[in-house]
Amino acid sequence: KSAVSCGITQGSKGAAAVLLKVYSSTIVFLSTHMSSNSTDAKLEHFKLLVNKAGDSLGCSGFDLLQQFHHIVWFGDLNYRITSLTADTVLQKM
């Protein structure tokens with residue numbers, strides 16, 4: 001059982017990640033604060049985080065999604081729901 005953590009920043013946005021090895025499984029917890037810009041900017045930020053976290057927590061040259069058994073991704077992803085009312089969102093949840 002071991003843990004490794006890394007911080008990844010880009011301006012005021014970024015992520016903190018922790019890698020746990022529990023018996024023979026690896027679990028990464030990744031908390032992020034994503035860009036509130038366009039969807040394209042979010043995609044670039046996602047790619048950057050996946051690559052940097054993979055390099056920091058595992059083997060260089062492999063991204064986060066290729067190296068670990070489970071990834072729990074949470075945080076402020078800055079997606080906006082503009083086409084639905086609050087009541088509709090709550091009903092769909």
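**Notebook: one predicted chain**

I began with Asn78, which counts as buried at 9% relative accessibility. By the cut-offs I used, buried means under 20% relative accessible area, exposed means over 50%, and partly exposed is in between, with a 1.4 Å probe and protein chains only. Asn78 lies in the loop between β4 and α3 (86–92). Its phi is near 60 degrees, a positive value in a residue other than glycine.

*Ground rules.* This is a predicted model, in which local features need pLDDT of at least 70 and side-chain atom pairs count only at pLDDT 80 or more, while totals for chains, interfaces and linings use all residues. Residues are numbered from 1 along each chain as its sequence is written, and side-chain values use heavy atoms, with hydrogens and water left out.

*Confidence.* I looked up pLDDT, the predictor's confidence in each residue, from 0 to 100. The chain averages 84, and 89% of the residues score at least 70. Where is confidence lowest in the chain, and where is it highest? It is lowest in strand β1 (residues 3–10), with a mean of 56, and highest in β4, at 93. Over residues 1–5 the pLDDT is below 50, and this stretch has 14 contacts in the model beyond near neighbours in sequence. A contact means heavy atoms within 4.5 Å. Where pLDDT is low, the predicted coordinates should not be read in detail.

*Layout.* I listed three helices and four strands. From the N terminus on, the order is β-β-β-α-α-β-α. Helices (H or I, at least four residues) and strands (E, at least two) are DSSP runs, numbered from the N terminus. Of the 93 residues in the chain, 25% are buried.

*Core.* I then looked for nonpolar cores, meaning sets of buried Ala, Val, Leu, Ile, Met, Phe, Trp, Tyr and Cys residues joined through side-chain atoms within 4.5 Å. The largest has 12 residues, among them Leu19, Val28, Leu57 and Phe68. β2 (13–22), β3 (25–33) and α1 (39–57) each supply at least two residues of this core. Which element gives the most to this core? α1 does, with four residues. In soluble globular proteins, nonpolar side chains tend to be buried together.

*Phe68 and Thr26.* Leaving aside neighbours within four places in sequence, Phe68 is in contact with Leu19, Thr26, Val28, Leu57 and Gly58. I followed Thr26 next, which is found in strand β3. Thr26 is buried, with a relative accessible area of 15%. With the neighbours within four places set aside, its contacts include Leu20, Gln67 and His70.

*Salt bridge.* I searched the whole structure and found one salt bridge, defined as a side-chain nitrogen of Lys or Arg within 4 Å of a carboxyl oxygen of Asp or Glu. Glu44 forms it with Lys47, and the closest N and O atoms are 3.7 Å apart. Why are Glu44 and Lys47 separated by about one helical turn? This is because they are three residues apart in helix α1. Glu44 is partly exposed at 49% relative accessibility, and Lys47 is partly exposed at 40%.

*Tyr23.* I also checked Tyr23, found in the loop between β2 and β3. Tyr23 has a positive phi of about 55 degrees although it is not a glycine. Is Tyr23 buried or exposed? Tyr23 is exposed, with a relative accessible area of 65%.
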